[in-house]
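The sequence and structure are shown first.

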Amino acid sequence: MIEEQAVLEFMREKAYRPLTFAELEETFGVRDTPDSAWLKELLARMEEEGVIVRTRTERYGAAERMDLIVGRLQVKARGFGFAIPLNRSLSDFYIAAADLADAMDGDRVLVRPIKGTGGARQEGEIIRVLKRAHHTIVGVLSTHIGYGFVQPDDKHLTQDVFVAGEDLLGAVDGQKVVVEITEYPTVARQSANGKVVEILGFPNDPGVDILSIVRKYGLPQTFPDDVLQEAERIPHELSAADLEGRRDLRGEVVVTIDGPDAKDLDDAVHLKRLPNGNYLLGVHIADVSYYVREGSALDREALTRGTSVYLIDRVIPMLPPRLSNGICSLNPQVDRLTMTCDMEWSPSLELVRHEIYPSVICSSERMTYGAVRDILAGTDAEAAERYQDLAPMFRDMETFALRLRQRRMERGAIDFDFTETKIKVDEWGKPLDIVKRERGIAEMIIEEFMLAANETVAEHFFWMEVPFLYRVHEPPAIEKMVLLNEFVHNFGYHLKAAGNIHPRALQDLLTHVRGRAEEVVVSHVMLRSLKQARYAAESLGHFGLAAEYYSHFTSPIRRYPDLMIHRVIREVIAQGALSEERYAYLQAIMPEVAAESSERERTAVDAERETDLVKKIEFMLDKVGEEFDGMISGVTGFGLFVQLDNSVEGLIHVSYLDDDYYHYHEKLHALIGERMKRVYRIGDRLRVRILSASKESLSIDFALVAKLQGDEPTWIDDESHETDFGGRRKTGYTGGRKGSGSGAKAGGREDGERKASFGGGRKGSGSGAKAGGRENGERKASFGGGRKGGGSGARTGGRDGGERKAGFGGGRKGSGSGAGAGGREDGERKADFGGGRKGGRSGARAGGRDGGEHARGATPSRGAKRTDASTSITGRRLRSGISASGRAPASVGTGASRQPGPMLPSTGGYSQDMEARRVVAERKKRERQALQDIEVTVGAPVKDKAHRRRRP
């Protein structure tokens, strides 16, 4: 029989040219044989998977040889989409709305790259849909005379589905329905056609919300008859034949530790001290593969489902309850078949021996997390008395698990300490409360023991070189780490590594920020910089766990990959090795099983998150108008996402921030006010008022009431950031490098103590009153000020200050803003609002090196370098210089009323756009250098003055 791998290798040969089916028959020698039908079926399957392509002339070839990419389409609400290649080494392709053809969100598609687009992201066009993701759609029906339209609940499906009158099934306007697609959209016809196959009810009817989500994600609520019948044939009791070839562990003290509501108990543990002082940890996992045989109806259904799905008010199991809650569940006081991983650890936590084998156990107790926690804490006398025989083992488990955890942290595993919540509902599904989910010592014991078993099994079978499924978490993209490094610089931290980053660097950073105000923001930004874990047929390591080998071995009742590797383990143990034919078969199917399992896992996670979201919105419906405290959990150009203390999340649209014009700063993950420079960033605490909540749009709108902490300046490294407000800077949001600005916070090179609202220099002077002196000390007035001279609003002197009589601002060694100014080293102006690096001016002409005095309308003094500089304010453009009447434009300064002045002709000075381009070019050059040799570990806040974090 012809194998898929043989066909693919043949088509990948350099000498291969696309052949017809008849030519392939001749090549493989199957013409007029039974294998001809098999070849035809194989080619059709490979084409659907996107491995090969059939051209318009009915010829077959490998997709990559034809410069075509197979991927999964993600369509955004605005109509465009992205094709995510199945080949993970390739980056995503942007698909314009006009290039989507007849594809819909989630479809497996064939993409042709578009050459020469010139953008940063690759672009492509869809030339064929290989596999449809949606056969049914859930939505709200709108009826008209003789027909209807169904608006999908899924916002990624941007077109309504047309339903003819005879296909409405009696559904009425406003009902939630399930519609089966009968005709998919085409280029000529944008909407799909369908027929109603199920009426769920009106949106506000009890249970309709969760049922809609179940249908939307295609989660099967019932099992096919053949699957149920197969499950019914499995006996509830073990026979002597079932125990053959198994090690009898029924004499061991073994316990399960789970949540109080769990019914599918798939793992049990025991721990004991050996005479040699070592620990023996036994992890016993339900031997589901003994009952679910390969190719059976149970196996096919489990593969289709991929995973159990845990919704708020129900569980959709991967296996029928007769297995998941019955014969496979490690219930107490009954014999159960298991697959055991024994691990012997030395006192120094060296794994000195391990063994994996089939076994039979009898669980002594069904423990809950709460009961174990109470026993260890000594807070429940009744539990302590009841489980007094088990208490010594639990105390040993606590000690051993803590040491395992410490060992894992020392090697660099990343631990995000995010709070989880649980939603309590009544019998009708109405949410009653949202409570925090405890993560105590009992949860940690099971977590560490399962991690140890998963790593041990993965490494064992990796070195046996058998086909296997691994749980992989690949290292983050270096570009993401560069951006993260730039972000944490703003808080005085810094990442270090040679080449690719090690997870220890990120864990060290989390350790340094723990307990600090910036902990939340750094944790969230770091998490978003990491890749998503997935299943793979090759061992690529697990970055987040800092594990070289990792697999999922411990939950075969609810995860198909675990069931799959149990099957491989059983065969290898029983036979000693796999036959060549079996090896080739498993090697061929493992990548597809891994991809399918990853996809089903993502679907389950999306369904669980949406269910939580719906119930959280429903919980807040009767709280509209009330005020709550929360934290900014996300920042975008259109607003702030705020997570309340009860974990409910909503949006403050940027239009509700009406005290200023706000701009999104991508690297800071912040919105920054244009005028007042108020900053809103991830982690900031706010008080908000609930404006509205909608289950239909899955959204909650907030209005800002107050910021619950002061506006702290965000210090930006001049060497790695350009600003949204013009120029380069070492401090604040504007102002000069070695001087101070006007119109924003600013400071000098070695800024001292800042005691007033805006700006100020170390050895400069104040503003709003006379000031002078080489070392004038601290700034004690409101605005402006320079490092060694300068002033605002009155005459000011300094060593190099010269004399200035107007406006706002001030420079390092004498400069002005708003009128003429002199200074020995009057250099270039490098920011939009006031101040210069070594001089400068804003709003009027300024003098050169030897200063001179420059009055309105006068000819520039000798040595002047700039005669105009444009300043952008609220979308308008002011040009410095002098009007025909000799009147200068309106001053721009801190606290001043900002009324745009007249549009004045440019006098031909230095272009701010050119300056901006120069800054961007320098930044790109630095980033290229960083990509070649990024140095990252985390240390304490850096000592470099330019990077020092300013605390209030």
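Which residue takes a positive phi just after helix 4? It is G218, at about 65 degrees.

The model is predicted, so local features need pLDDT of at least 70 and side-chain atom pairs count only at pLDDT 80 or more, while totals for chains, interfaces and linings use all residues. Residues are numbered from 1 along each chain as its sequence is written, and side-chain values use heavy atoms, with hydrogens and water left out.

**Helix 4**

Helices (H or I, at least four residues) and strands (E, at least two) are DSSP runs, numbered from the N terminus. Helix 4 covers residues 208-216 and is mostly covered, with eight of its nine residues buried. Buried means under 20% relative accessible area, using a 1.4 Å probe and protein chains only. The buried residues are V208, D209, I210, L211, S212, I213, V214 and K216. They pack against strand 9 (136-144), strand 12 (176-183), strand 13 (192-201), strand 19 (315-316) and helix 16. Contact here and below means heavy atoms within 4.5 Å.

**Two helix pairs**

Axes are lines fitted to C-alpha atoms, for helices over the stretch in contact, and angles run from 0 to 180 degrees between N-to-C directions.

| Helix pair | Angle | Axis separation |
|---|---|---|
| Helix 15 (residues 560-575) and helix 16 (residues 580-620) | about 165 degrees | 11 Å apart |
| Helix 8 (residues 369-377) and helix 10 (residues 391-410) | roughly 90 degrees | within 10 Å |

Helix 15 packs against helix 16 at about 165 degrees, which makes helix 15 roughly antiparallel to helix 16; angles over 145 degrees count as roughly antiparallel, and 65 to 115 as roughly perpendicular. The crossing of helix 15 and helix 16 is left-handed, a term used if the near helix is turned anticlockwise from the far one by less than a right angle. From helix 15, Y560, P561, M564, V568 and E571 meet R582, L586, I589, M590, V593 and S597 of helix 16. The contact residues divide into eight nonpolar, one polar and two charged. Ala, Val, Leu, Ile, Met, Phe, Trp, Tyr, Cys and Pro count as nonpolar, Asp, Glu, Lys and Arg as charged, and the others, Gly among them, as polar.

Helix 8 and helix 10 cross at roughly 90 degrees, and that makes helix 8 roughly perpendicular to helix 10. V372, I375 and L376 of helix 8 make the contact with A391, F394, R395 and E398 of helix 10. Five of these contact residues are nonpolar, none is polar and two are charged.

**Two buried residues**

D299 lies in helix 6 (residues 297-305). It counts as buried because its relative accessibility is 6%. Setting aside residues up to four places away in sequence, D299 touches V292, R293, E294, Y560, L563 and R567.

A458 lies in helix 11 (residues 441-463) and counts as buried because its relative accessibility is 0%. The C-alpha atoms of A458 and Y470 are separated by 7.1 Å, with the two residues 12 residues apart along the chain. Apart from neighbours within four places in sequence, A458 is in contact with F468, Y470, Y549, Y550 and S551.

Three strands form an open sheet in the order 30-31-32, with antiparallel pairing. Strand 30 (662-665) and strand 32 (679-681) stand at the edges, each with a single partner strand, so one side of each is left without a neighbour in the sheet. Two strands pair if DSSP finds at least two bridges between them. Strand 30 and strand 31 (residues 670-673) pair over four bridges, and H665 stands opposite A670 in strand 31.

Methods. Parallel < 35°, antiparallel > 145°, perpendicular 65-115°, else oblique. Buried < 20%, exposed > 50% of the residue type's maximum accessible area, 1.4 Å probe, protein only.
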